[in-house]
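Hi everyone, thanks for coming. Please open the structure on your screens, and we'll walk through its strands together.

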Amino acid sequence: MTPAARVNAAIDVLAELESSRRPAPDVLRDWGRARRYAGSRDRAAVATLVYDCLRRRLSAAFVMDSDSPRAVVAGMLAVARGMDADAVAALFSGERHAPAPLTQAERAAIAGARGRLAAAPLHVRGDFPEWLAGEILRAFGDETAVLCEMQALCERAPVDIRVNTLKADPATVLERLAWMGAQPGRRAPAAIRLPPPPDGQGQSLQADEGFVRGWFEVQDQGSQLAALYTGAAPGETVVDLCAGAGGKTLALAAMMRNEGRLLATDVDPRRLAALYPRLDRAGVTCVEARPPRGRWRPGGPEPLADVTGAADLVLVDAPCTGTGTWRRNPDAKWRLRPGALAERRREQEAALERAAPLVRPGGRLVYVTCSVLPQENDDAVAGFLARHPEFVADALADAGVGRPGHERPHGALQLTPARSGVDGFYVASLRRR
């Protein structure tokens, strides 16, 4: 496919996204299956165009004065990729499989994109839903900080891996992946970072022999830091209450050096399905999976009843809106609705209430989200402390990595792409008296 044909394909995919309201990965997968002539590079390039458009959807539509898929693609090329009107016109030539030629109005809009965008409302310049403006201002304090943080969340994310220190050491894995452009992670000691590929087609890490042998896992450094701040230690009894596929479970097991007892559960047993092969591959032997019988609900049978009052550490990696992962999931921010935020808050409260009885006196509860919204973070912790005077705010464990983020109430820390160079993670530690 020519570059112009890829642009035309991106317009088609965006149109399908708009009409079907399905997740972008699903639409892109179906588009590729229906067009066998599109090679892997073509599919990757089209996906990159689509995701760049989703990252900059509001600003692209604003400068073009239209939110049509065609306008969003043209606006994105100007706003995100810095192309001038002539360069965009070369892709919108109308020849063969290229989009129809630019109109005079479209050329003028592209030519004046930078100046027009400078005068746009804050949520347009930051490319986030307008209804979240107050909450995001509350998170970062002023418009300058908001713009810095939100524009960082519009960038493409690098690929981070966590070296499994139960089986390998960072230096060995770094040497093995050097041909991919691998560099040591700036934040987490077991992290290695791969740059985002310019054409969207990265190397398949899952096909690497090191991955198959369990030497490393794909995990953002923000997630790795969140695990480190728990202070999980060998010999402890640790609960991962919202384990899901087990990314942080594996990180905790490595911190514990496979010594102690690590129990992993989730409200939905299906989410744990991917954990079992990952444990085998990583050589983890200290984990006990505790799936509930059917979906767990407050008041239902508790698969962790035998741990009540005995856990040294309970990690609550709570369900959330995922606003801190918008670099990786840009379509999620446009599908987020106020009702979803309210539902996540109820789930977070339920998870904290479930966690509290498990913590032993003197033990700790660590609350984590991949969100930057204070309602899900500061407010959730403040509400829990008000309901549970037996808990107090505690300092995060000294992980030897400093505190590269925004300081929040209750000794918590907010990691962000702009401040920390990682996804947006919130971490707070609470200790039972």
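Let's begin with a term: a crossover is right-handed if, with the strands pointing away from the viewer, the path from the first strand over the helix to the second runs clockwise. Helices (H or I, at least four residues) and strands (E, at least two) are DSSP runs, numbered from the N terminus. What we have here is a predicted model, where local features need pLDDT of at least 70 and side-chain atom pairs count only at pLDDT 80 or more, while totals for chains, interfaces and linings use all residues. Residues are numbered from 1 along each chain as its sequence is written, and side-chain values use heavy atoms, leaving out hydrogens and water.

Now find strand 5, helix 15 (residues 247-255) and strand 6: together they make a right-handed β-α-β unit. From strand 6 the chain crosses through helix 16 (residues 275-282) to strand 7, and this β-α-β crossover is right-handed too.

How do these strands pair? Two strands pair if DSSP finds at least two bridges between them. Strand 5 (residues 237-240) runs parallel to strand 6 (residues 261-264), with four bridges joining them; V238 sits opposite L262 there. Strand 6 also pairs in the parallel sense with strand 7 (residues 287-289), over three bridges, and A264 has A289 as its bridge partner.

Next, look at another group: four strands form an open sheet, ordered 2-3-1-4, with antiparallel pairing. Strand 2 (183-184) and strand 4 (216-218) are at the edges with a single partner strand each, so one side of each has no neighbour in the sheet. Strand 2 is joined by two bridges to strand 3 (residues 191-194), and Q183 stands opposite R193.
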